[in-house]
Amino acid sequence: MTAVVVAIIGGGFSGTAIAYHLAAQTRRSDVEIVVIEPREQLGGGLAYSSKDPAHRINVPAAKMTMISAEPEHFTRWLANDVTSVGDVLARTTRGDEFPQRSVFGRYVHNHVGPFLETGRIWHERSTALNITPVGQRYSIALTDEKNVDADIVVVTTTHPLPSIPNALRPLIGSPRFIADPYAENALQEIEQDHAVLVVGTGLTAADAIASLDKNGHRGDIVALSRHGYRSRGHATQAAEPFGSFGNDETASSLLKTVRQVLKGAQNQDLAWHPVLDALRDQAPVIWATLPSDERRRLVRHLRALWDVHRFRVAPQVEDVLDRRLGEGTLEIVAASLHSAHQASRRFKVSYRRRYTQSLENGGFDAIVITTGPAHAAIDQSNPVVRSLFNQGLLASDPVGLGLHTAKTGQAIGKKGEIARKLFIGGPLARGTFGELMGVPEVTRYAEFIAERVKESAFEARQDKSVASQKRN
């Protein structure tokens with residue numbers, strides 16, 4: 001009997017981790033695995049392919065692993081990585097390591113490498129354009145006019161690009177209007193003395209500011225967002241997670257509980273960090289307890305505050321932000337954009353600070369968009385996702401964080417039906433599963449999807465066996 005073909009769309013960390021665990025749990029004679037990814041190497045994706053040395057992992061290396069049962073898997077590899085030895089800035093005074101982001105991508109690729117060398121995993125270096133159901137299988141059209149036929153498909157595409165605020169849309173296409181800050185050489189046209197507007201104040205904004213600073217930029221930077229929340233740093237002292245959650249059925253009661261726990265932590269001379277760590281650890285239970293409308297309320301009102309505490313900047317990046325703020329060359333502004341136009345080679349931008357009625361006008365030489373993924377445009381994020389939406393095989397999740405996903409990891413289509421052989425891998429499933437942005441959670445979810453795909457492959461082999469017997 002021929003093997004079941006599993007196609008994984010996207011070879012970033014999520015897709016590669018799923019392929020790795022699936023290959024480790026199955027035999028080649030039973031399951032063939034193909035990862036469709038245009039980048040030269042699997043494992044990096046958007047997050048861990050950056051060549052910019054200013055971009056570092058946001059959590060200590062000791063909390064990063066692609067095997068959940070081995071939490072020290074990455075740090076053991078890192079200790080023997082000759083290439084990382086020269087990075088003297090990676091280790092903090094507390095002893096934590098924050099290597100460059102590309103190092104983690106190289107670690108992932110290093111471990112999937114043996115499966116690639118033996119052909120256990122096949123890397124199809126291309127971009128999927130369209131997926132069409134054909135009988136009991138899927139036909140996947142690629143950019144190089146090839147086709148891959150698969151029995152099971154796992155969608156692990158990346159987040160959509162940041163959304164461009166309406167007020168700035170007239171500037172699209174202008175030189176030094178940077179809509180994708182992670183594009184190769186995205187910031188190279190920004191000169192050292194340029195005044196820069198960074199739209200957004202979270203992790204992506206911090207990366208952009210750190211990159212500019214590393215490139216020698218010394219001009220003024222204004223980082224603007226609706227709330228003006230800046231991503232927080234890590235605790236100066238290690239502490240165990242503090243607090244118990246999961247019994248609240250409304251966003252309001254959850255917020256009240258969090259405030260009570262924070263007060264209890266303060267009474268014990270603890271910082272807020274261990275409380276947020278406990279929230280993160282218990283996020284699956286908390287999320288499962290909340291009804292769908294309360295999840296939406298939580299995302300709408302508290303997501304910005306959660307993100308800046310949950311997604312902390314590396315100490316090296318935090319140092320850059322602190323220094324620039326102290327020098328007066330960085331200002332973080334809570335404001336809403338009103339309008340913008342280009343005058344000569346500069347951008348004129350009007351904005352209204354929070355809690356005020358008057359408009360302020362600013363002149364900038366460059367604008368960098370770092371607002372975070374445009375989840376509302378998930379159906380238009382890339383060709384293959386768009387094709388599945390157009391056929392009704394995919395739908396946005398009710399919370400607005402990604403793709404509608406069943407608790408089994410399978411896609412839920414426009415009419416509410418579960419696609420038995422179409423799975424959603426990675427953070428795009430977090431509307432159902434909650435916290436799926438950090439590596440520990442993504443790793444556990446990748447292992448879960450690999451197990452579910454293995455079970456689905458067994459069912460597919462049984463279906464093929466029955467069909468073969470009928471033909472005979």
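Start with Ile 8: this residue stands opposite Val 154 in strand E7. Strand here means a DSSP run of E with at least two residues, helix a run of H or I with at least four, and both are numbered from the N terminus. Four bridges join E1, residues 4-9, to E7, and the two run parallel. Strands count as paired if DSSP finds at least two bridges between them.

A word on the source. This is a predicted model, where local features need pLDDT of at least 70 and side-chain atom pairs count only at pLDDT 80 or more, while totals for chains, interfaces and linings use all residues. Residues are numbered from 1 along each chain as its sequence is written, and side-chain values use heavy atoms, with hydrogens and water left out.

Back to E7, residues 152-155. Ile 152 and Val 154 point one way, Val 153 and Val 155 the other, and all are buried. Buried means under 20% relative accessible area, exposed means over 50%, and partly exposed is in between, with a 1.4 Å probe and protein chains only. In a regular strand, side chains alternate between the two faces of the sheet. E7 also pairs with E16, residues 418-424, in the parallel sense over three bridges. There, Val 155 stands opposite Ile 424.

What about the segment before E1? Thr 2 lies there. Thr 2 is exposed, at 56% relative accessible area. Thr 2 and Val 31 are 29 residues apart in sequence, and their C-alpha atoms are 8.8 Å apart.

Next, the sheets. In what order do the strands of the seven-stranded open sheet run? The order is E8-E14-E9-E10-E11-E12-E13, and the pairing is mixed. E8, residues 177-178, and E13, residues 359-364, stand at the edges with a single partner strand each, so one side of each has no neighbour in the sheet. Inside that order, E10 and E11 pair in the parallel sense over five bridges. Val 222 has Glu 331 in E11 as its bridge partner.

There is also an open sheet of three strands, E4-E5-E6, with antiparallel pairing. E4, residues 128-134, and E6, residues 147-150, are at the edges, each with a single partner strand, so one side of each is left without a neighbour in the sheet. Neighbouring strands of this sheet are turned by 20° against each other on average, direction ignored. E5, residues 137-142, pairs with E6 in the antiparallel sense over four bridges. Tyr 138 stands opposite Ala 150 in E6.

Now helix H5, residues 203-214. H5 has 12 residues and reaches 16 Å from its first C-alpha to its last, close to the 16 Å expected at 1.5 Å a residue. That expected span is 1.5 Å times one less than the number of residues. Why is H5 largely enclosed by the rest of the structure? Because 10 of its 12 residues are buried. Among them are Thr 204, Asp 207, Ile 209, Leu 212 and Asp 213. The cover over the buried residues of H5 includes helices H4 (101-117) and H10 (315-327), plus strands E9 (196-199), E10 (221-225), E11 (330-343) and E14 (366-369). Contact, throughout, means heavy atoms within 4.5 Å. After H5 comes Gly 216, whose phi is positive, near 95°.

On to a helix pair. The axes of H7, residues 273-281, and H9, residues 292-310, come within 10 Å and cross at roughly 110°. That makes H7 roughly perpendicular to H9. The perpendicular class covers 65 to 115 degrees; under 35 is roughly parallel, over 145 roughly antiparallel, the rest oblique. Axes are lines fitted to C-alpha atoms, for helices over the stretch in contact, with angles from 0 to 180 degrees between N-to-C directions. Leu 276, Leu 279 and Arg 280 in H7 meet Trp 306, His 309 and Arg 310 in H9.

Glu 40 sits in the loop between E2 (31-36) and H2 (45-48). At 63% relative accessibility, Glu 40 counts as exposed. Leaving aside neighbours within four places in sequence, Glu 40 is in contact with His 123 and Arg 125. Asp 96 lies in the loop between H3 (73-79) and H4. Is Asp 96 buried or exposed? At 19% relative accessibility, Asp 96 counts as buried. With neighbours within four places again left aside, Asp 96 is in contact with Pro 60, Ala 90 and Arg 91.
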